[in-house]
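Please examine the structure shown below together with its sequence. The briefing that accompanies it is arranged by topic.

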Amino acid sequence: MNRSRIVPNINCLPLILLLTIPLSCSNDHRTVKEVMDSKFVFLYSHLNVNELTSLNYEKVISLFTPGEKEILSTHHWMFDVNVPVVVSVMRSKEQKIVPFWLPGKGFKLTSLTMKNEQTIYEVWQKKFKPGRIGLGINGFENYPLHYFVSVSPRNSKDKLILGNFFPSGQYVGSLDNGAFTYHDWDELVLTDVPDEMKGQKLLTTIRGRGTESQLIGVFRTTRFQSSDKPDQVMLTWSSDPSSGVDIQWRSDTIPISGKVIYRESGKTDEATVSADVCRITDRALMNDRVINRFTAKLRNMKAGTSYEYRISPQENYIPQQVFTTASEDSTFTFIWFGDTHHSPEFGKLLKAADKRHPEAAFFSIAGDIVSEGLFRDQWDDIFEFTAGIVSRKPLMSVPGNHDNRSGLGAAMYREMFSYPMNAPAGVEKEQTYSFIYKNALFLMIDATSPIDSQTVWIENQLAHSTSRWKFAMFHFPPYSSDGGYPEIRREWGPLFDKYHVDMVMSGHVHNYLRTKPMYAEHVVGTPGKGTVYLVSIAIPDNDPQPRLPFADSQVSGEMLYQKVSVESGKLDYSSMNIDGQVKDKMTIRKRDK
């Protein structure tokens, strides 16, 4: 399954700014991170935008001193061996520039190769004595596949023990056909492994680790720079929707504090809430590297009541900053989307849906909100496309594999949204969460995190729920035109069956599907006997799909949104295109209790 390794959220920074490397034995005791950070500072001080974007290998390699090259050559990936070994480095032939340290440190290119469905890997090898082994960076260019490593004893009778890994938590597998090399894409497996290398200890990694040292082709700009004025205003829920709401916004680094002033619509009595602030850095974003993001949590409000708010230093209340808390009845409507990928076409679709359905209480996106989850300029695009809408109605979403990109984690996703902090152990908070809206339970699940670690949490949520309607949203679809995700079907499907989840909403596969009601992976007669699984896409789609035996409806070539309206024991569902044409619909009825 293509899923991402989750990383700690430290000081709100992406993984590439968080790597810490043990001290060097040389006179230069800086880390790889510190060496690379110093070059970013130097480059921003000495080069203009055109010069930054035109950096080539010759210019980049000349920036580093011999001592810095030593750190880059030996402190990226480290481990101890107890016996003499041969270390093999497998790097993609499609990566045009060989990392300088491979020949520089005595690695020899062999005639051996191996493959996966993405590329062919060449094999570089070097003999080492027992002790500490240090390997270097993946390169300076923006190449998406990191090298991987195998280790074998030089004497076949020796028992090889590996330890003291950096990065910590290293997985050690066995090199062979069918072995995976990237934890964020463990379905990408090796073929054509040379016989003489089979059985060697395999050190796996994540595809995106090379981001740590990239300087060529990585500099970007945002079209929507921050200022000292609040913008990118958005509502979410991290508490009871009938009595609370979270308000988030962005500024540059000049405002160091923020507050929200609010009141019941049409009244004059005001209340004030101070905001928490988090500093977010994207060091490759040339024109707006550092911003502040604020979150104010409003609580103890009246159910079913309209409120208006302003964000200091705003002096006036405006129509785009009004919200209504959930009422105590059982009627509501929400709208959800499949993949949006920071496309302007999604912005048009959202505006059409918002205008056509003013009764909708909130919106959801089933992951892949952006295409590169650690590129803040793509989040800037999303907030521009949704401006004036998500400042009135909450946006409740889950991450996809593009938001949790190439194994580098979803730290920026977490800093963009304020969601309930009730994730299961082993999953970053706010990436998986649940909330209750009126008479419905919503399980918002991060399918890029380990599947089996969330099973107990899902069952606990369902077993203790008294909600009449139960919905689940996560990115990877259990059923789809490309075969779906059998691990999810095996792990979570029995729980959806046991506790009768009414609807599962997903994306990832770029077309539309509504299954017939499913129970135990088989079609059943009515929604009362099984779960309906949905897949959708909110950007232009041209992916064909075969006719599926479990499908009730399939649509290709359309960008769609889905409207779900609940009224006590009745649910009306429809999927529409940007012109409001209904491409699919159904109704589910439940008997009164």
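The mean pLDDT of the protein chain is 94, and 95% of its residues reach 70 or more. Over residues 1-25, however, the pLDDT is below 50, although this stretch has 96 contacts in the model beyond near neighbours in sequence. Where pLDDT is low, the predicted coordinates should not be read in detail.

**The largest pocket**
- The volume of the largest pocket is about 520 Å³.
- Its lining consists of 24 residues, and those nearest the centre are Asn142, Thr211, Gln214, Glu372 and Phe375.
- Sorted by class, the lining comprises 11 nonpolar, six polar and seven charged residues.

**Threonine 119**
- Threonine 119 sits in the loop that joins β3 (108-115) to β4 (120-128).
- This residue counts as buried because its relative accessibility is 3%, and the cut-off for buried is under 20%.
- Its side chain forms a polar contact with the side chain of serine 92, at 2.7 Å.
- Leaving aside residues up to four places away in sequence, threonine 119 touches Ser92, Lys93, Glu94, Met114, Tyr143 and Leu145.

**Aspartate 552**
- Aspartate 552 belongs to strand β28, which spans residues 551-555.
- With a relative accessible area of 39%, aspartate 552 is partly exposed.
- Apart from residues up to four places away in sequence, aspartate 552 touches Arg514, Thr515, Lys516 and Arg547.
- Aspartate 552 and serine 418 are separated by 134 residues in sequence and by 36 Å in space, C-alpha to C-alpha.

Methods
Residues numbered from 1 in each chain as written. Predicted model: local features only at pLDDT ≥ 70, side-chain atom pairs only at ≥ 80, totals over all residues. Heavy atoms only, no water. 1 Å grid on protein atoms, 1.4 Å probe; cavity = no way out; pocket = protein on both sides within 12 Å on 5 of 7 lines; lining within 4 Å. Points joined across faces, edges and corners; volume = space filled by probe spheres on them. Nonpolar A, V, L, I, M, F, W, Y, C, P; charged D, E, K, R; others polar. Helix = DSSP H or I, 4+ residues; strand = E, 2+ residues; numbered from the N terminus. Buried < 20%, exposed > 50% of the residue type's maximum accessible area, 1.4 Å probe, protein only. Polar contact = N/O pair within 3.5 Å; in protein donor to acceptor, adjacent residues only side chain to side chain. Contact = heavy atoms within 4.5 Å. pLDDT = per-residue confidence, 0-100.
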